[in-house]
Amino acid sequence: MAGANLDDLVDLLGRWASGRGPLYLLLATRLRALIDDGVLASDEPLPPDRVLAKRLAVGRGTVVAAYDLLQQDGRVVRRQGSGTRVAPLDLPATRTTDGVVANPLLQHILHPPDGVQLLTCAAPLDPPQALFEAYEEAATRLARVHDLGYQPAGNQELRAALAAYYTGRGLPTTPEEIIVTTGGQQALTLLTGLLVAPGDLVAVEPPAYPGALEVFRHAAAVIRPADLRERPALAYVVPTLRNPDGAVMDNPSRRRLATLAAEHDVPLIDDEVRAELCFSGETPAPLAAFGRGEHVITVGSMSKLVWGGMRVGWIRATAPLVSRLARLRAVHDLGGEVFSQLAAVALLRRLPEIRDEHVRVWRRRHDHLCAELRAHLPTWTFEPALGGQTLWVRIPHGDADSFSQVALRHGVAVAPGRSFDPLGGHADHMRLHFLFSEEELSRAVNNLAAAWAVYDGSARSVSRRPLVV
């Protein structure tokens with residue numbers, strides 16, 4: 001980590017306060033791990049006691065005690081007038097960092113759960129019965145496969161099934177216009193790797209999916225809201241059930257956006273990962289179905305609709321672009337795992353059944369979460385979602401980053417709004433999912449209310465600086 005950027009350090013600390021024991025010991029343990037892993041480099045300055053304490057919403061004594069313990073361990077050096085710095089290393093580190101500062105949402109995936117209710121990662125928690133049956137069918141299909149299984153563009157049966165799926169939604173598609181990926185995240189990574197060079201402009205509409213923002217940052221792109229007339233190298237939108245707020249773009253706006261992409265020759269990613277989860281039961285047409293759709297690239301996935309562990313995604317694009325993506329994919333992993341792709345064929349056939357069951361349950365849980373928030377946290381504001389799996393909630397004072405530290409100590413992890421904005425905005429928002437059972441959601445809201453009761457809102461953070469400006 002280059003320099004003692006406070007926001008970066010807090011992101012790296014992750015859920016440091018959610019374990020058992022004194023806070024100073026938990027903080028020292030996490031800082032020690034970051035130093036030993038080489039994430040905090042030798043001689044790197046650490047934030048002053050008071051500054052870090054305010055940012056973490058703890059007493060100054062907690063940070064002083066943690067720093068003192070690290071000094072006793074030989075991990076830091078503290079000198080009057082020069083502050084606290086990581087101690088010089090006598091031996092080379094056994095592990096080094098790649099320079100990537102993980103989004104706090106991704107930290108909750110990288111670090112195993114430890115009893116905290118994770119209102120951060122919004123994906124179905126339990127595999128449905130249809131998934132087991134799909135794998136049983138896939139086993140029969142797999143017995144008839146007689147090739148190596150290396151298929152960079154994806155299994156041909158699944159590509160054909162996905163082509164039929166889009167054709168049925170009013171977007172004529174051939175199998176050659178489909179590439180299967182290991183989830184929607186790999187789809188975004190492949191597209192960015194092919195289309196974006198360091199320093200290129202990527203246009204997004206905040207709030208935006210943090211996983212996409214991290215991909216663009218890793219590519220050293222300049223990420224900001226931008227008009228397509230500025231000719232960005234890539235544009236990214238979620239027109240149906242935007243993550244995090246669940247907004248749905250109307251058809252005239254979809255047509256204008258698709259037309260602008262064609263007129264200004266801008267590749268436009270339409271992230272449809274949550275598109276089938278509208279509470280209305282109607283799935284809007286993909287952007288590529290409006291006007292000249294050759295510049296629109298559609299991304300989909302099974303993870304939000306079926307189960308988070310179902311790592312099957314896809315890209316729908318022109319055949320020449322799919323061919324280029326397949327060549328790039330072959331360099332990375334030679335192709336996806338065939339068994340899951342065959343199961344996805346069976347799941348697509350049962351998509352209406354799976355969707356309707358999930359939407360029915362999640363709408364009920366959405367309504368329960370809304371009622372609990374209104375009852376126990378009446379000063380928090382939000383718009384009911386039109387579908388998907390999350391609420392976008394605004395707190396009346398303070399900022400969600402510092403509040404999230406207090407919430408962790410009350411057993412709940414929330415997703416601060418800053419993670420969804422490339423310019424560090426939406427600091428007074430947080431995303432909450434409603435995938436837990438009603439009982440668990442009630443417990444989570446009670447814990448959030450307890451955290452809010454002791455949060456004074458004085459520890460305001462500055463906006464996180466973009467990694468590339």
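Let us start with a pair of charged side chains: Arg350 forms a salt bridge with Glu133, and their closest N and O atoms are 2.4 Å apart. A salt bridge here means that a side-chain nitrogen of Lys or Arg lies within 4 Å of a carboxyl oxygen of Asp or Glu. Arg350 sits in the loop between α12 (338-349) and α13 (351-376), while Glu133 belongs to helix α6 (residues 129-142), so this pair ties together parts that are 217 residues apart in sequence. The helices (H or I, at least four residues) and strands (E, at least two) are DSSP runs, numbered from the N terminus.

Before going on, please keep in mind that this is a predicted model, in which local features need pLDDT of at least 70 and side-chain atom pairs count only at pLDDT 80 or more, while totals for chains, interfaces and linings use all residues. Residues are numbered from 1 along each chain as its sequence is written, and side-chain values use heavy atoms, with hydrogens and water left out.

How open are the two partners to their surroundings? Buried means under 20% relative accessible area, exposed means over 50%, and partly exposed is in between (1.4 Å probe, protein chains only). Arg350 has 23% relative accessibility and therefore counts as partly exposed; Glu133, at 31%, is partly exposed because of the same definition.

Now look at a second pair. The side chains of Glu272 and Arg169 meet in a salt bridge, 2.8 Å from N to O. Glu272 lies in the loop between β9 (268-271) and β10 (296-301), Arg169 in the loop between α7 (156-168) and β5 (178-181), and the two are 103 residues apart. Both Glu272 and Arg169 are buried.

Asp49 is buried, with a relative accessible area of 12%, whereas Arg78 is partly exposed at 23%.

How many salt bridges are there by this rule? The count comes to 27. Some share partners: Asp7, Asp11, Arg55, Asp401 and Arg418 are joined into one network in this way.

One member of that network, Asp401, leads us to Ala427, which is found in the loop between β15 (415-416) and β16 (429-433). Leaving out residues up to four places away in sequence, Ala427 touches Asp399, Ala400 and Asp401, where contact means heavy atoms within 4.5 Å. Ala427 is partly exposed, at 23% relative accessibility.
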